[in-house]
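Subject: Structure handover

Hello,

Here is the structure I promised to pass on. Please have it open while you read; my notes follow below.

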Amino acid sequence: MNKILRKKVSTPLHIGRGLGVGLLLCLMLSSCGLYNKYERPDEVNTAGLIRDLTSDVDTLAVNSDENFGNLPWRQVFTDPQLQTLIEKALENNTDLRNAALNVKMMETALTVSKLAFLPSVSFAPQGTISQVQMDGAQVSKTYQLPVSASWNLDLFGNLLSQKRSAQMKLLATKDYQVTVQTNIICGVANLYYTLMMLDEQMRIINDMESLTKETWDMMQLQMNLGRARSTSVQTAEANYYSVKAKGADLRQQIREMENAMSLLLNEPGHQIARGSFYDQSLPSEFATGVGIQLLSNRADVHAAEMSLAQCFYDTETARSRFYPNITVTGTAMFTNNLGQIVNPGKWILSAVGSLTQPIFAHGQIVAGLKVAKAQQEQALNTFQQTILKAGNEVSNALVAYNTCNEKSKLDEMQVKIYEQNVEDTRQLYTSSGSSYLEVIQAQNGLLNARIAKVTDDFNKMQAVVNLYQALGGGSK
């Protein structure tokens, strides 16, 4: 259809019938599946994700409204210095800033996909001056001021599915931003507790250094009195230096942890202000929620589902390419070039409708649909694996907390026994009732028991942080 109209534009009678046919066609296509919306597949398994703590066959299911992961991070990490570090990391961390920029880029891409539904409009003015070289030559001036608009009628869902795909990609990008935020919060907390654990171990090493120095001095005195051999003094001296070497290792680890924390804060390496290890207060009772809670609370799980939804709409886009592409183009032009010079100019209005139906495209359309379906299946497998991984992480964090809590109580009993053992063997040694080896063995046993107690208490703290992260904490 191509008609030139002047001054007045009339609407053909068959356009109304065409719209009715178009609506009927849309209804038929929607029944064929071109306008379907994503729904979570039934084959996704969310049952029995979290193992019970005491039974090898049962799974854990409690009230999801009490989910530990729903708590804001300030209610979980109450140490003021830790809160300051977390706030600084959330403000300055490079990964989080880049994640926010990714969200802005996806928002722009979504805006572009929405604008694709609107006509594209262009303005291309032209002007010509010509002169014929002959007697009585005249200069002719012609001009054209055309405005053209092209509109792609999305009767077969191509633009719609592309827009929905962009929406899913934006949601997945926002989920990634939340995941980065959660990782930063829990990463700062883990490093903070690690530093305090190393401080506590350093305190134990310093105490043990003084104790082993006293033992060395005591054996030196006993040797001077002829009640001990030089080998016992040498062993006590070597034990003293061994303890000092452990202190040197701890100082190195503290410096490395401070540098790692500074990197999270996007700052040069510096000393980190921190509190005392045993002054920390963390939750001790947890409600984890059932499998469906993980789907709504874990940003990475939700992102995996949004990626699946994106692939679903990409498949819809690939399927829509089998159908015709309908384009309507209209032009309005004010010109004086109508075969003869006309001044003033006149309006020329035209409208063109075109339909392109693919028949043979070297198998590209069929191949595109096959690839899209395969990618959708891959996304489904990844979604299922992400769900199982989330449940596994929660189970591991819960069992780690319970195990470390139990071991800490046993360590405490060991420490008390070794403290008494060190005191008894020292007294027996001074009265020649025990050997120097018993004294040194008792001291080494006490050192190891104290270090083990601090390590298990730290692992219990870390299990709380890991459980909070595994439950999607830190998103609020």
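Leaving out neighbours within four places in sequence, Ser307 is in contact with Ala172 and Ala379. Contact means heavy atoms within 4.5 Å. Ser307 sits in helix 8 (residues 299-320). Helices here are DSSP runs of H or I with at least four residues, strands are runs of E with at least two, and both are numbered from the N terminus. Ser307 counts as partly exposed, because its relative accessibility is 31%. The scale is this: buried is under 20% relative accessible area, exposed is over 50%, and partly exposed is in between, with a 1.4 Å probe and protein chains only. The C-alpha atoms of Ser307 and Met168 are 6.8 Å apart, although 139 residues separate them along the chain.

Before going on, note that this is a predicted model: local features need pLDDT of at least 70, side-chain atom pairs count only at pLDDT 80 or more, and totals for chains, interfaces and linings use all residues. Residues are numbered from 1 along each chain as its sequence is written, and side-chain values use heavy atoms, with hydrogens and water left out.

Now the overall picture. The protein has ten helices and five strands. It has 476 residues, and 38% of them count as buried. Take the contacts between residues at least 6 apart in sequence: 82% of them join residues at least 24 apart.

Next, the aromatic rings. The whole structure holds ten aromatic pairs. Rings of Phe, Tyr and Trp (its six-membered ring) pair if their centres lie within 6.5 Å; planes under 30 degrees apart are stacked, over 60 edge-to-face, and the rest tilted. Tyr38 and Phe312 are edge-to-face, because their ring planes stand at 65°, with the centres 6.1 Å apart. This pair links distant parts of the chain: Tyr38 is in the loop between helix 1 (14-31) and helix 2 (73-76), Phe312 is in helix 8, and 274 residues separate them. Phe312 also pairs edge-to-face with Tyr313, at 5.2 Å between centres and 75° between planes. Tyr38, Phe312 and Tyr313 form one aromatic cluster. Tyr38 is buried at 16%, Phe312 is buried at 16%, and Tyr313 is buried at 6%.

Which residues touch the most other members of the largest nonpolar core? They are Phe77, Leu82, Val188, Tyr193 and Met261, in a core of 55 residues. A nonpolar core is a set of buried Ala, Val, Leu, Ile, Met, Phe, Trp, Tyr and Cys residues joined through side-chain atoms within 4.5 Å. Helix 5 gives the largest share of this core, 18 residues. Leaving aside residues up to four places away, Met261 touches Leu85, Val188, Leu191, Tyr192 and Ile272. A second, separate core has 17 residues, including Tyr38, Ala172, Ala309 and Phe312.

Last, Glu258. It lies in helix 6 (residues 230-264). Glu258 counts as buried, because its relative accessibility is 6%. The Glu258 side chain reaches the backbone nitrogen of Ile272 at 3.4 Å. Beyond four places in sequence, Glu258 touches Leu195, His270, Gln271, Ile272 and Arg274.

Best wishes

Note on methods:
A polar contact is a pair of N or O atoms within 3.5 Å; within protein, one must be able to donate a hydrogen and the other to accept it, and residues adjacent in sequence count only if both atoms are side-chain atoms.
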